[in-house]
Amino acid sequence: MLFKSLTIFKRINISFIAAIVCFFITVQYSVAQQINTKKTNLPDSVAIKINKKSTTDTLSSDLFSSNSNTNNKNSNLNNDSIKIDSFSYLPRNNSAIKSIIKYTAKDSIAFIDSVRMLDLYGDAKVFYEDLNNSSEHITIDLNRNTISSLGKLDSLGKLIGTPEFKQGANDYKAVKITYNYVTKKGYLKEFKTKEGEGFVKGTNVKRDPENNFYIDGAYYTTCDAEHPHFYIGSSKIKVVPGKKLITGPANFVIEGIQTPLFLPFGIFPLKRGQQSGVIIPQYGIDAQRGPNLRGGGYYFGLGERLDLTLTGDIFTNFSWLLNVKSNYRTRYRYNGLVNVMFGNNKFGNPDDASYNEQSTYSIGWNHAMDFKARPFTTFNASVNFVSSNFYAQNAQRSATQFNSTSNSSISFSRGFKNGKYNLSTTARIDQNLQTRTISATLPNIAFTVAAFNPFKPKNKPTAEYWYEQINMSYSTSFNNSFTTTDTTLFRSRESGAWSKFVDTTFRYGVTHNLPINTSFKLFKFYVLSVNANYNETWAPTTIRKEFINNEVKTRLVSEFGRWFTFSTGASLSTKWYGMLAFKKGKIAAIRHVVDPNLGFSYTPDFSEKMWGFYQEVKMDSTGKMQKYSIFERSYGGAPGQGKLGNITFGLNNNLELKLRTGKDTAMKETKIKLLESLSFSGAYNIFADSLNLSTISINGRTTLFKTLAVNAYATLDPYQNVIIKQGTTERLQRVNQYYFENNGNFGKITNANLNFGYSLSQATFEGKKKRKEERKKENDKWGYNNYELPWSLSLNYAIQYQANSYTDLTKTAYVQTLGFSGNVTLTKGWTFGYSSGYDFVNKKIASLFIDLKRDLHCWQFTFSWSPIAPGGFSFFNFQINPKSSVLQELKLPKRKDYFDNRNY
């Protein structure tokens, strides 16, 4: 570098300045002459460019070549600097630079032709192919084909402007970087980079042409702190960017202290996204099956659309469980998961009489179709078919062990004419794991026609007359269902026995439904709704009952049968408003809104002989006759007996209060809900010979003080209940006598629920925002710390009442519980959560769950404990581990699971 700034010239005597100017003009003239003439060669001279503004120039393969000569005959340039990016490039065939080099610097740029070196100062940047190098000082050496970059020391002796090297998606930082753009090799001093979820730092680094790094005195960590809380240190590390990191002998270091944890070598995946690898199992001890390893196996990354996970559990008594799981996905079309588990569990000693060996299985499939793939077409699956003992023996969570049911369903639907018509099919299986009962619908095929107005002209946007508002729809479905046990269903049978099983167990048929309804206003304020409904069922078989040899025998008849029902009804509804206003005082008004409704529905008695759906059979030798339906074993059962003429009634109430707040012009009214809802509903059958009035349902809800939620429910029986003796047993039965006739009340509450829910947090007591800001300013003024302790508390108090739970009418059953849960953030990193409940009847704590979490920046600590749990299944789980998924197996767990001491 000859000069750094033009100000230097002012300090030199005039004669020296004149000599320098002459030399500079000579150089400029010779170079300019070379630029303006394409047939001339480059001069062998010194070119200096000094510019305080940011400059962007380029170097081409034609500008600096090993074949440049020094002839300079035509000079005609008066400028005091060189505009390098204005060169007209000469074609060259043998050059080290294969592409254009772009560069920029904010301070100065200088080129020395004698040594073929270009220096950039002040926020310098160089762009070459996919390489981006920035630093305080960059030197391009054309003889050595290198680009070197350095930082500089500021006035305080701090190193600033250190090099940053980017190539493609990779970013590297170092104190010094030297890169050979011919061999693609490089050297980095005090190197640091981010690879995947981790960070790599080393002292001396070599880069090969394949962009691999070989690092001495290095470490790897997933902590992003300037001084990491932990790292894996090694004398040698190789980094294959975006793929993997390989270490030699390594030591685990925490807070700068070396631990006894030693690795002979280490391989850490750096590949972003999906990748294959080993899954480390978890160690545990089972009281029945002994020490075990759970969840170990291998993950296969098969691409963006598919993966496969093979894991298993193994116990010292040779019990085992195999799990095959696969996720699949096609963007904008569908995604799903297949999960199959099969295991064999052994309990006890094979020589003991109590020895037990059981096989378990679980078949899971979840599939969802993207609606955008095919509009009006859906296909979804949620299959979870398990053996009756699967959850009890293999569940990893205590809540799952108590699962007593399992449900599976697969559905497909297709819409036509923009959804006007729809065809769907569904298969469903419901399991009761306690009784081992299986109820299935295989399949259900339905065709529906969306609601339409048959009497409304097509050219009218809305219905105008009452008959144009008549609305109807249609649906038909084929159904096949059965209920049996898993042991019966999977039993091996011959062809004849299987046909008999299907005939006696399966119920199938076709149903039709045609609802018609309309509504219109009466007297401006009332809405009259009228409806009619027609249902029809087709059955392939019927039954006949006969009294033979003093017993009733049932015979299955293979014949087509059909039965139907129809009903009609009407209802009237409106709203009544009541307002009580006050001119003075804080209370401005009280508003009461009442929603009454009154209706009537009629259904004929389809058990009458005229319909042909019921017949009579003699029950005993006395000649006592009893009605039965020939369709009672068909799908959908049989039409109901008895004529129904129900008068339905209901009343819903809403009560609000308006309060005046503020004074004079700032006064405003605030609404407060005293009673959000209080409803009564029931029915009266005018055709019943007794017990015409149904039970009365009472529901209420409101919110007090903006945070206390109150919900209530009760059932009121208007009839007397008496004890009926049947042999040695007794039971309660309603009799046709109103309760108020003997007790003076409208009825007796047979069951009720009252629930209070309340939530609290630190915000509840902080008051208004303005007061909070004032308190903060006051603390800042006196130097106090504005300490906050975020917390929350949820309380739930429930009372359940069940009358007549015993044959003794004087006894009742109460269940009274208090549940509470919440969390407290003790400090920035500590969080304490809890959940518990107290049973007032049994006077004991029903459950207690405690969660403690600590955020350790790059690590996390969790502790879960349940000293009191339902069924005695207490557990605890302690674990400390890095947050990064790359080091997820670097953890310290300690646990005692609920299943370690359970009895099967």
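Student: What lies over the face of F315, and at what distance from the ring centre?

Tutor: R289 does, at 4.2 Å from the ring centre. A charge sits over a ring if NZ of Lys or CZ of Arg is within 6 Å of the ring centre and within 35 degrees of the ring normal. This is a predicted model, where local features need pLDDT of at least 70, side-chain atom pairs count only at pLDDT 80 or more, and totals for chains, interfaces and linings use all residues. Residues are numbered from 1 along each chain as its sequence is written, and side-chain values use heavy atoms, with hydrogens and water left out.

Student: Which ring has the charged end of K643 over it?

Tutor: That of F687, with the charged end 4.9 Å from the ring centre.

Student: How many aromatic pairs are there?

Tutor: The count is 31. Rings of Phe, Tyr and Trp (its six-membered ring) pair if their centres lie within 6.5 Å; planes under 30 degrees apart count as stacked, over 60 as edge-to-face and the rest as tilted.

Student: Why is the pair of Y738 and F740 called stacked?

Tutor: The centres are 5.8 Å apart and the planes stand at 20°, so the pair of Y738 and F740 is stacked.

Student: What makes Y801 and Y814 a tilted pair?

Tutor: Their centres are 5.0 Å apart, with 50° between the planes. Y801 lies in strand β47 (residues 791-803) and Y814 in strand β48 (residues 812-825), so the pair ties together parts 13 residues apart in sequence. Strands (E, at least two residues) are DSSP runs, numbered from the N terminus.

Student: Is Y801 buried or exposed?

Tutor: Buried, with a relative accessible area of 18%; buried means under 20%, exposed over 50%, partly exposed in between (1.4 Å probe, protein chains only).

Terms used
Helix = DSSP H or I, 4+ residues; strand = E, 2+ residues; numbered from the N terminus.
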